[in-house]
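Welcome! Open the model in your viewer, keep the selection panel handy, and follow along stop by stop.

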Amino acid sequence: MSVDHYENFPVASVLCPPALRPAVAAIYHFARTADDLADEGDAAPAERRQALQAYRADLQACVDGRPVSPRWTRVFVPLSHELPRLQPRLLHDLLDAFEQDLSPPRYRDRAHLLDYCRRSANPVGRLLLGLYGVGDPVSLQRSDAICSALQLINFWQDFTRDGPNGRLYVPQDDLDRHGVSAEDVLACRDSPAARALIADLCAWARELMQHGAPLALTLRGRIGWELRLVVQGGLRILDKIESRGHDSVLHRPAIQGSDAPRLLWRALTMRAAP
């Protein structure tokens, strides 16, 4: 399975130890359902916000050991069994990000966008590390770098999806520096300036990924191998964007089955960046 909102995260895969799969699946279903409430169907934004607020109330009831509403028992009953191994604050952070997606702001600068990633992506990595008993500051910092990089890569591959929905994740500082308007990005207008902008954004995501990548080499066992594939999957998307001259306002790159041998080889031969 993969959480669609975080496309490059493999979840509950064959590399995940069987003892942890119920917890990972519980996290997945929690995030997937919240994402559906925020994005799927034709409900008005006010209705979506109300549904997410009710969902948050059920999460808190679950944390407090109180009964939850029948609406989402398939999510919260399994989650209640796994809560001793999870950090509820991180689950609330994810809901904060989903609520923000209902009326996403225009991001001022990269720090502003990374604050969104702190709530939309970084909790996933921290929740998974917690299941493996990893919580030292260096590992958490590297996990955050990987997760934020994956979120950014998802943005830079999804211009053709986000633009028609009025979602713009490019910081205004970057737009101004390259002389590209928000309207150009939302309309997916290709130009030399747009491609230079995307090249700059991809370089930022790659740098973040390389900063976090040593975590995959220090974690032992299955989690280390799974994280190597996560890192290489994200970098492969960046490679594909680059190979087409950074035209992702026109073409959405994606991982294909034919990429598997390359990803496996890169995971096997992965070394820390200098």
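A crossing of two helices is left-handed if the near helix is turned anticlockwise from the far one by less than a right angle, and right-handed if clockwise. Helices here are DSSP runs of H or I with at least four residues, numbered from the N terminus. This is a predicted model, in which local features need pLDDT of at least 70 and side-chain atom pairs count only at pLDDT 80 or more, while totals for chains, interfaces and linings use all residues. Residues are numbered from 1 along each chain as its sequence is written, and side-chain values use heavy atoms, with hydrogens and water left out.

**Stop 1: helix 7 and helix 11**

Select residues 137-157 for helix 7 and 192-212 for helix 11. Helix 7 passes helix 11 in a left-handed crossing. Their axes (lines fitted to C-alpha atoms over the stretch in contact, with angles from 0 to 180 degrees between N-to-C directions) come within 7 Å and cross at roughly 155°. Helix 7 is therefore roughly antiparallel to helix 11, the term for angles over 145 degrees. Nonpolar covers Ala, Val, Leu, Ile, Met, Phe, Trp, Tyr, Cys and Pro; charged covers Asp, Glu, Lys and Arg; the others, Gly among them, are polar.

**Stop 2: helix 2 and helix 4**

Next, select residues 45-64 and 88-102, which are helix 2 and helix 4. How far apart are their axes? They lie 10 Å apart, and the packing angle is about 175°. That makes helix 2 roughly antiparallel to helix 4. Ten nonpolar, three polar and five charged residues make up this contact, including Arg48 and Leu52 from helix 2 and Leu95 and Glu99 from helix 4.

**Stop 3: two loop residues**

Most residues other than glycine have a negative phi. Select Cys188, in the loop between helix 10 (182-186) and helix 11: its phi is positive, about 55°. Then move to His246, in the loop between helix 13 and helix 14 (260-268), where phi is also positive, near 60°. Cys188 is buried, with a relative accessible area of 16%, and His246 is buried at 16% too. Buried means under 20% relative accessible area, with a 1.4 Å probe and protein chains only.

**Stop 4: Asp239**

Finish at Asp239 in helix 13 (residues 222-243). Is Asp239 buried or exposed? Asp239 is buried, with a relative accessible area of 18%. Leaving aside neighbours within four places in sequence, Asp239 is in contact with Arg206 and Arg266.

Note on methods:
Buried means under 20% relative accessible area, exposed over 50%, partly exposed in between (1.4 Å probe, protein chains only). Contact means heavy atoms within 4.5 Å. Angles under 35 degrees count as roughly parallel, over 145 as roughly antiparallel, 65 to 115 as roughly perpendicular and the rest as oblique.
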